[in-house]
Amino acid sequence: MIPQKNQFSEANEWDEPEEEVIRVYSREEIVALQQSNASKYRALSPWKIVLTQLLITAISMVIWSFFGEPVGVSLYTQSAFLGGLISVLPTTLFLIRLELAKKSQRRLNSGRFLAALVSGEFIKIVVTLMLFIGVAYFIPGVLWVPLLVTYLLALKCVWLAWLWR
């Protein structure tokens, strides 16, 4: 008996799709594409994010100053300042770590930059935790709502920096 083709075996959605063709661009082609659309690919300076965090901290301090008993510098304002400091200081240390890695005497390859990125992020996390613990233990009477609100606002400044780009 000779096997015959099944009349129901035509291609359908259950069959494996054909191989997709993926084009790999060279470095020169990517640079040419970026230069043709330069306004879409502007570099975002990380130091602008730190300046935005400082600006948000100052705005938050002004807003929280209205809640204190004497309007002006009160415990609310100081707590808001501490929240901003807990956000700005670790970010600054992280950026300094990356700048030092870029200016290193050794040739910077992707592995070393990744190591600098991970170590910088570790420094950022440790310093943030140390600052929160330090504020909790060494500053009596700190108001946590202004501190945490300002910290979270300053932490999310990356979104504002992308919008201003």
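How many nonpolar, polar and charged residues are in the lining of the largest pocket? By class, the lining has eight nonpolar, two polar and four charged residues. Here Ala, Val, Leu, Ile, Met, Phe, Trp, Tyr, Cys and Pro count as nonpolar, Asp, Glu, Lys and Arg as charged, and the others, Gly among them, as polar.

Before going further, a word on the model. This is a predicted model, where local features need pLDDT of at least 70 and side-chain atom pairs count only at pLDDT 80 or more, while totals for chains, interfaces and linings use all residues. Residues are numbered from 1 along each chain as its sequence is written, and side-chain values use heavy atoms, with hydrogens and water left out.

**Overall layout**

The protein has six helices and zero strands, and reads α-α-α-α-α-α along the sequence. Helices (H or I, at least four residues) and strands (E, at least two) are DSSP runs, numbered from the N terminus. Of the 165 residues, 25% are buried; that means under 20% relative accessible area, with exposed being over 50% and partly exposed in between (1.4 Å probe, protein chains only).

**The pocket**

Back to the largest pocket: about 270 Å³ of space lies in it. Helix 2 (46-65), helix 3 (75-102) and helix 4 (110-138) are the elements that give two or more residues to its lining. Helix 3 gives the most, with six residues. The lining has 14 residues, and Pro46, Ile49, Phe94, Leu95 and Leu98 lie nearest the centre of the pocket.

As for what counts as a pocket, the search runs on a 1 Å grid over the protein atoms alone: a cavity is a set of points where a 1.4 Å probe fits but cannot get out, and a pocket is an open set with protein on both sides within 12 Å along at least five of seven lines; lining residues have an atom within 4 Å of a point. Grid points are joined across faces, edges and corners, and the volume is the space filled by probe spheres set on the points.

The patch is formed by Trp47, Phe81, Leu85, Leu89, Leu93, Ile96, Leu100, Phe122 and Ile123, with about 790 Å² of accessible area together. Helix 3 and helix 4 are the elements that give two or more residues to the patch. Patches take residues with over 30% relative accessible area and no salt bridge, joining like charges within 9 Å and nonpolar side chains (Val, Leu, Ile, Met, Phe, Trp, Tyr) within 5 Å. The areas come from the Shrake-Rupley method with a 1.4 Å probe, and for residues only the protein chains shown count as cover.

**One salt bridge**

Side chains of opposite charge can pair when their charged atoms come close. A search of the whole structure finds one salt bridge (a side-chain nitrogen of Lys or Arg within 4 Å of a carboxyl oxygen of Asp or Glu). Arg23 pairs with Glu29, their closest N and O atoms being 2.6 Å apart. Arg23 is exposed, at 52% relative accessible area, whereas Glu29 is partly exposed, at 29%.

**Some C-alpha pairs**

| Pair | Apart in sequence | C-alpha to C-alpha |
|---|---|---|
| Phe113 and Lys102 | 11 residues | 7.8 Å |
| Gly141 and Leu75 | 66 residues | 8.2 Å |
| Val73 and Val62 | 11 residues | 8.8 Å |

Phe113 is in helix 4 and is partly exposed at 29% relative accessibility. Gly141 belongs to the loop between helix 4 and helix 5 (144-155), and its 47% makes it partly exposed. Val73 lies in the loop between helix 2 and helix 3 and counts as exposed, at 67%.
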